[in-house]
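Let's take a walk through this model together, starting with a single side chain and moving on to strands and pockets. Keep the viewer open as you read.

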Amino acid sequence: MLIRNMMLNDYEAVDKLMQQLHNLHVEGRPDLYVALEHPYSETEFKEKVESDDYISILAEEDDMVIGICFVKMKKRSMMVNMPTAYMDDLCVAKAMLRKGVATKLYREAEKRAKELGAKRMDLMVWGFNEEAIAFYKSLGMKEQRYIFEKEL
């Protein structure tokens, strides 16, 4: 397995995995998410891949993209000046789940974020996504806050 920077010609393969991830959210929270043909437009993808503020990496095996990861580098958290890495997306092809792909992508993103000066990695997981919650906890992450909701 190779972990590498995304390139512009990876859009189609990345888009396929982003659709998989987005559909998980549509299924888990149909009250908040709507189906989209392309979660990121080609323009949005290009901006992320070319930006110095993003770590845009993928996992590849036998010339197939099997996992993706986007991390935004922030100069400060919401409250104090602290370089922070915010993981927007981490997704692995369904056929490659539980084969270490997500862990390798996460660890590489974490390494690169540290090299860029980040003091912390943040991300958000929906409550319905218990597998992702368990995965991130297994990597040493912990809950930072709780957001509550109630339908009226």
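Helices here are DSSP runs of H or I with at least four residues, strands are runs of E with at least two, and both are numbered from the N terminus. With that in hand, please remember that this is a predicted model.

Is Arg 29 buried or exposed? Its relative accessibility is 13%, and because buried means under 20%, Arg 29 counts as buried. Leaving aside residues up to four places away in sequence, Arg 29 touches Trp 126, Phe 128 and Glu 149.

Next, turn to the strands. Strand E2 (residues 54-61) and E3 run antiparallel and are joined by 8 bridges. Within this pairing, Glu 60 stands opposite Val 65 in E3. The hairpin of E2 and E3 has 2 residues between the strands, and Asp 62 takes a positive phi near 50° there.

On its way through residues 64-74, strand E3 is mostly covered, with 8 of its 11 residues buried. E3 also pairs with E4, again in the antiparallel sense and over 8 bridges. To find this pairing in the viewer, look for Lys 74, whose bridge partner in E4 is Thr 84.

Now for the open spaces. The largest pocket holds about 1300 Å³ of space. Its lining has 36 residues, and those nearest the centre are Leu 123, Met 124, Val 125, Gln 144 and Arg 145. Strand E4 (84-92), helix H3 (101-115), strand E5 (120-123) and helix H4 (130-138) are the elements that give two or more residues to this lining. What is the make-up of the lining of the largest pocket in nonpolar, polar and charged residues? The lining divides into 18 nonpolar, 5 polar and 13 charged.

The second largest pocket has about 1100 Å³ of space. Its lining is made of 36 residues, with Leu 21, Leu 24, Leu 90, Asn 129 and Ala 132 lying nearest the centre. Helix H1 (11-28), E4, H3 and H4 each supply at least two residues of this lining. Which of the elements gives the most to the lining of the second largest pocket? That is H1, with 8 residues. By class, the lining of the second largest pocket holds 22 nonpolar, 7 polar and 7 charged residues.

Technical notes. Residues are numbered from 1 along each chain as its sequence is written. This is a predicted model: local features need pLDDT of at least 70, side-chain atom pairs count only at pLDDT 80 or more; totals for chains, interfaces and linings use all residues. Side-chain values use heavy atoms; hydrogens and water are left out. On a 1 Å grid over the protein atoms alone, a cavity is a set of points where a 1.4 Å probe fits but cannot get out, and a pocket is an open set with protein on both sides within 12 Å along at least five of seven lines; lining residues have an atom within 4 Å of a point. Grid points are joined across faces, edges and corners, and a volume is the space filled by probe spheres set on the points. Ala, Val, Leu, Ile, Met, Phe, Trp, Tyr, Cys and Pro count as nonpolar, Asp, Glu, Lys and Arg as charged, and the others, Gly among them, as polar. Buried means under 20% relative accessible area, exposed over 50%, partly exposed in between (1.4 Å probe, protein chains only). Contact means heavy atoms within 4.5 Å. Two strands pair if DSSP finds at least two bridges between them.
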